[in-house]
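Look through the sequence and the structure first, then read the points below.

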Amino acid sequence: MLIHKFHRGGVVHSKQLEYFVTAAKKGSIASAARALSIAQPAVSQQLASLEREIKATLFNRSFAGITLTAAGEIFLTHATALLEQMDIAKNAVSEESHSQNRVIKIGLIPSIGNVVSLPLLTEMGKSSERLKVEISTGPSYTIKDWLESKHIDIALTYREAVDEKSTHATPLIQEEMHLVFSASTEKREFEFLRHRAEVSFCELRQVPLLSPGKKDSLGQLIAYYEQKTGVMLNHDHAYSGQLMTGLRQVINGEGVMILPTSAIFHLKESGLVESVKIVEPDMHRTVFAFTDKNAVKQRHIQQALGTIKKVVSAEYDLQHWCGKLEFATSVTKCR
């Protein structure tokens with residue numbers, strides 16, 4: 001009856017559905033507002049209006065956040081399906097009417113952006129369909145919000161950073177994780193790392209580590225390997241969480257970082273940093289291109305994904321991005 005009234009009454013609009021679904025996923029109106037890039041009172045107002053229109057309470061509200069009521073659980077299923085159908089319809093119309101001069105919005109974390117941004121812009125410029133690309137960088141949790149709120153079309157990030165239920169994942173590369181340290185020979189504490197190709201995870205206890213918190217996917221990865229090995233690393237060093245700031249600290253010898261080579265190949269080529277592959281166990285993670293599952297079959301999205309694969313493969317061949325390609329038969333490079 002609840003959804004029947006919605007279908008016949010026509011009083012609930014797509015904005016209310018979008019706000020409702022986002023709030024339900026985030027478990028907080030404040031988090032939903034951040035993900036949608038709008039003011040919190042606007043979300044609260046729309047949700048209250050939605051509950052008045054359908055004559056049901058959808059959320060239990062408390063200081064800890066919001067949870068769905070029984071009616072809210074029912075409405076979420078239908079609201080999600082309706083938004084998906086609307087997306088399919090809009091995408092079909094958009095595909096027909098805007099086949100030329102499409103703008104593809106891509107969000108990526110800084111380490112990935114460092115290696116693919118410029119070649120991606122170049123390759124997209126060669127497109128016969130004149131595809132244009134807008135690239136935005138941010139931490140993994142921000143990329144997740146951008147994708148969920150449809151502020152970007154494609155996200156280049158890691159599986160743990162994205163809601164898999166609403167997205168399609170295209171694996172790109174299983175990247176090696178390296179220990180990055182200053183190339184300056186004045187830093188004697190890093191001398192045991194020089195002229196080596198590999199370093200064991202347990203040896204990392206000997207060096208001061210600059211690492212992000214566990215909100216970030218890299219912080220989660222480090223925590224996973226600490227738990228897996230039982231080895232706790234030396235985290236007690238100030239780090240802003242910004243990649244470029246951290247790399248400046250590394251160059252100055254203030255600490256080391258755990259990063260993929262995509263983040264530092266330019267600094268290594270300039271002789272500012274050195275790196276060694278982390279082994280025992282091998283430390284790695286897979287980079288994916290995530291898209292909305294309802295949009296992945298669109299021609300311009302497929303074309304963009306093909307270009308992304310081409311760029312990743314080229315950077316891999318140049319040994320700027322060490323690891324193993326996930327979409328082609330190949331050997332692991334940079335060992």
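The secondary structure of the protein comes to eleven helices and eleven strands; helices (H or I, at least four residues) and strands (E, at least two) are DSSP runs, numbered from the N terminus. This is a predicted model, in which local features need pLDDT of at least 70 and side-chain atom pairs count only at pLDDT 80 or more, while totals for chains, interfaces and linings use all residues. Residues are numbered from 1 along each chain as its sequence is written, and side-chain values use heavy atoms, with hydrogens and water left out.

**Overall**

- Of the 335 residues of the protein, 49% count as buried (buried means under 20% relative accessible area, exposed over 50%, partly exposed in between, with a 1.4 Å probe and protein chains only).
- Among contacts (heavy atoms within 4.5 Å) between residues at least 6 apart in sequence, 72% join residues at least 24 apart.

**Nonpolar cores**

- In soluble globular proteins, nonpolar side chains tend to be buried together.
- A nonpolar core is a set of buried Ala, Val, Leu, Ile, Met, Phe, Trp, Tyr and Cys residues joined through side-chain atoms within 4.5 Å.
- The largest such core has 36 residues, and Ile106, Ile112, Ile154 and Leu156 touch the most other members.
- Two or more residues of this core come from each of strand E3 (103-108), helix H6 (110-125), helix H7 (140-148), strand E5 (154-158), strand E6 (167-182), strand E10 (284-292) and helix H11 (299-317).
- H11 gives the most to this core, with seven residues.
- A second, separate core has 33 residues, including Leu204, Leu210, Ile258 and Leu267.
- Apart from neighbours within four places in sequence, Ile112 is in contact with Leu156, Thr157, Tyr158, Ser262, Val287 and Trp321.

- Helix H4 (residues 40-54) has 15 residues and spans 22 Å from its first C-alpha to its last, close to the 21 Å expected at 1.5 Å a residue; the expected span is 1.5 Å times one less than the number of residues.
- Val43, Gln46, Leu47, Ser49, Leu50, Glu51 and Ile54 are the buried residues of H4.
- Helix H2 (residues 14-26) packs with H4 at an angle of about 110°, and their axes are 9 Å apart. Axes are lines fitted to C-alpha atoms, for helices over the stretch in contact, and angles run from 0 to 180 degrees between N-to-C directions.
- H2 and H4 are therefore roughly perpendicular to each other (65 to 115 degrees; under 35 counts as roughly parallel, over 145 as roughly antiparallel and the rest as oblique).
- From H2, Lys15, Gln16, Tyr19, Phe20 and Ala23 meet Ala42, Val43, Gln46, Leu47, Ser49 and Leu50 in H4.

**Loops and backbone**

- Most residues other than glycine have a negative phi, and most peptide bonds are trans.
- Lys55 has a positive phi, near 55°, and sits in the loop between H4 and strand E1 (59-62). Lys55 is exposed, with a relative accessible area of 66%.
- His195 also has a positive phi, near 65°, and lies in the loop between E6 and strand E7 (198-200). At 80% relative accessibility, His195 is exposed.
- The peptide bond from Glu280 to Pro281 is cis, with omega near 5°. Pro281 is in the loop between strand E9 (273-279) and E10.
- Thr69 lies in the loop between strand E2 (65-68) and helix H5 (70-97) and is buried at 13% relative accessibility.
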